[in-house]
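This briefing is intended for a reader meeting the structure for the first time.

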Amino acid sequence: MGKYKKHTAFIIGLAISLVLLGVMLIGIFYTPYEPNKMNGSEKFMAPGIRHFMGTDNFGRDIFSRVLEGLKTTFLVAVSVTVIGSFFGMLLGAITGYFGGLLDEVLMRVNDALAAFPSILLALVFISILESGTYNIILALGIIFIPSFARIVRGEFIGQKELDYVKSARLMGASHFRIMFVHILPNILPALCSAITVGFNNAVLAEAGMSYLGIGVQPPDASLGRMLSEAQGYLFSAPWYALCPGVIIILLILGFSLINEGMGEQHA
């Protein structure tokens with residue numbers, strides 16, 4: 001029964017994520033209105049046939065801006081996850097496989113970075129790099145490296161003394177081949193789980209930083225930025241905050257359910 005529930009969670013999460021991905025892809029090629037186009041005569045129009053999700057305080061179509069904001073959030077979250085997982089995987093593989101002084105030095109640096117809250121470190125990076133979408137990607141990508149490195153290192157330490165690795169060494173396989181052809185495929189379940197969690201954390205980090213005004217800058221659309229702009233109109237125009245808020249929740253829910261389902265399948 002438990003496996004059935006986990007399998008169902010995986011299917012539901014995958015369906016939610018694919019639907020949102022499809023919506024994002026549509027938004028790349030088509031939006032009903034120009035996302036940044038303002039119209040003073042259509043401020044705070046309630047959701048209807050003309051404006052599916054209503055309009056905001058500048059008369060901009062919220063549905064078009066949600067499509068644009070979803071694209072931005074996907075871009076940031078995927079880019080941050082790729083940067084963090086790739087370099088974290090390399091760092092974790094090297095330190096976990098070789099150990100010794102290299103492991104001690106790199107992991108102490110890794111632990112020092114991990115000791116600080118990610119948002120605080122991001123604020124430091126942004127204060128140096130200035131705000132902007134690409135600087136957010138760079139800052140969060142660097143900050144996410146330690147968490148991936150720690151997971152991969154632990155998996156490599158557990159795998160490197162197993163019989164199949166010893167056999168590969170006896171057959172004369174190079175360190176590179178052992179690390180990335182023999183060991184890496186066997187830790188993919190743990191790495192995939194870390195990637196789904198990392199994606200969720202990246203979505204929340206981008207939304208939080210944009211909400212605070214240090215992420216995506218106006219007039220560009222961002223789900224977090226839209227929530228920030230809508231906070232003063234929660235009672236007069238609740239749809240303004242509801243629409244981007246629901247999309248963020250669905251993004252997090254979809255990948256959380258996928259991770260939950262994968263966890264059961266790999267158990």
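In this predicted model, confidence is lowest in helix α4 (residues 118-129), with a mean of 74, and highest in α2, with a mean of 91. These values are pLDDT, the predictor's confidence in each residue, from 0 to 100. Helices are DSSP runs of H or I with at least four residues, numbered from the N terminus.

**Confidence and conventions**
- The protein has a mean pLDDT of 85, and 96% of its residues reach 70 or more.
- Where pLDDT is low, predicted coordinates should not be read in detail.
- Residues are numbered from 1 along each chain as its sequence is written, and side-chain values use heavy atoms, without hydrogens and water.
- Local features need pLDDT of at least 70 and side-chain atom pairs count only at pLDDT 80 or more, whereas totals for chains, interfaces and linings use all residues.

**Aromatic pairs**
- A search of the whole structure gives eight aromatic pairs; rings of Phe, Tyr and Trp (its six-membered ring) pair if their centres lie within 6.5 Å, and planes under 30 degrees apart count as stacked, over 60 as edge-to-face and the rest as tilted.
- Phe44 and Tyr233 form a tilted pair, because their ring centres are 4.9 Å apart and their planes stand at 50°.
- Phe44 lies in the loop between α1 (2-29) and α2 (62-98) and Tyr233 in the loop between α9 (223-230) and α10 (238-266), so this pair ties together parts 189 residues apart in sequence.
- Phe44 is partly exposed, at a relative accessible area of 29%, and Tyr233 is partly exposed at 25%; buried means under 20%, exposed over 50% and partly exposed in between, with a 1.4 Å probe and protein chains only.
- The pair of Phe52 and Phe63 is edge-to-face, because the ring centres are 5.3 Å apart and the planes are at 80°.
- Phe52 counts as exposed at 55% relative accessibility, while Phe63 is partly exposed at 22%.
- Ring pairs also link Phe44, Tyr233 and Tyr240 into a cluster.

**Surface patch**
- Leu14, Leu18, Leu21, Leu25, Ile26, Ile28, Phe29 and Tyr30 make a nonpolar surface patch of about 800 Å².
- Accessible areas come from the Shrake-Rupley method with a 1.4 Å probe.
- Tyr30 is found in the loop between α1 and α2.

Definitions and conventions
Helix = DSSP H or I, 4+ residues; strand = E, 2+ residues; numbered from the N terminus. Patch = residues over 30% accessible without salt bridge, like charges linked within 9 Å, V, L, I, M, F, W, Y side chains within 5 Å. Salt bridge = Lys/Arg side-chain N within 4 Å of Asp/Glu carboxyl O.
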